[in-house]
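The sequence and the model are shown first.

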Amino acid sequence: MPDALQEIIRNLLKELGEDPDREGLRHSPERIADALRTYTQGYKVDIEKILNGALYEVEYNEMVLVRDIAFFSICEHHMAPFFGKCHVAYIPRHKVIGLSKIPRIVDAFARRLQVQERLTVQIADCINEALNPQGVGVLMEALHLCMAMRGVEKQNAITVTNAMRGLFLTRPETRAEFLELAHGKYEGI
């Protein structure tokens with residue numbers, strides 16, 4: 001028995017001029033509904049469960065950066081995907097967070113209907129509230145299919161947003177170090 005979302009998709013296919021009963025589309029309402037639920041599973045994520053006590057007292061007060069976190073999201077204006085890389089840094093005050101938690105936080109907020117600007121702020125605010133660090137920096141770079149496939153149709157336009165808190169906002173040298181490291185100027189690994 002199809003659920004309400006599948007029925008909506010079936011009707012959408014009809015409105016687009018398609019026959020939802022033809023062979024190639026017969027199971028599409030179910031597949032699309034499942035896909036949409038996966039794309040937006042962030043609504044069901046409990047941030048507290050992600051953190052799950054993975055905050056640790058550590059005497060460390062230098063920048064921690066997790067860069068090149070791949071993400072995808074759905075633009076709330078056109079329900080078209082946008083995707084790219086997220087770079088997250090913080091300077092601990094008394095606590096650090098388990099490193100795997102940072103990409104999970106990114107995914108929890110990205111897997112919702114979004115705009116990149118809000119997404120960037122939500123990630124920064126979440127880490128800031130969870131850790132009370134000296135500062136947080138989030139930089140996101142994304143390709144928006146709503147700009148590439150429709151409207152202005154600019155396939156190579158990258159949108160960059162950032163959110164800075166604490167020392168990343170008040171100390172230009174901290175902000176500059178973060179942006180330099182996020183863009184891969186570090187000659188490490």
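## Basis

This is a predicted model, in which local features need pLDDT of at least 70, side-chain atom pairs count only at pLDDT 80 or more, and totals for chains, interfaces and linings use all residues. Residues are numbered from 1 along each chain as its sequence is written, and side-chain values use heavy atoms, with hydrogens and water left out.

## His 87

Strand β3 (residues 81-91) contains His 87; strands (E, at least two residues) and helices (H or I, at least four) are DSSP runs numbered from the N terminus. At 1% relative accessibility, His 87 is buried, a term for under 20% relative accessible area (1.4 Å probe, protein chains only).

The side chain of His 87 makes a polar contact with the side chain of Glu 141 at 2.7 Å. It also reaches the backbone nitrogen of Asp 68 at 3.0 Å. A polar contact is a pair of N or O atoms within 3.5 Å; within protein, one must be able to donate a hydrogen and the other to accept it, and residues adjacent in sequence count only if both atoms are side-chain atoms.

## Helix α4

Seven of the 10 residues of helix α4 (residues 101-110) are buried, among them Ile 102 and Val 106. The buried residues of α4 pack against several elements, including β2 (64-75), β3 and α5 (116-131).

## Nonpolar cores

A nonpolar core is a set of buried Ala, Val, Leu, Ile, Met, Phe, Trp, Tyr and Cys residues joined through side-chain atoms within 4.5 Å. The largest has 33 residues, of which Phe 71, Cys 86, Val 88, Tyr 90 and Ile 123 touch the most other members.

Notes. Buried < 20%, exposed > 50% of the residue type's maximum accessible area, 1.4 Å probe, protein only. Contact = heavy atoms within 4.5 Å.
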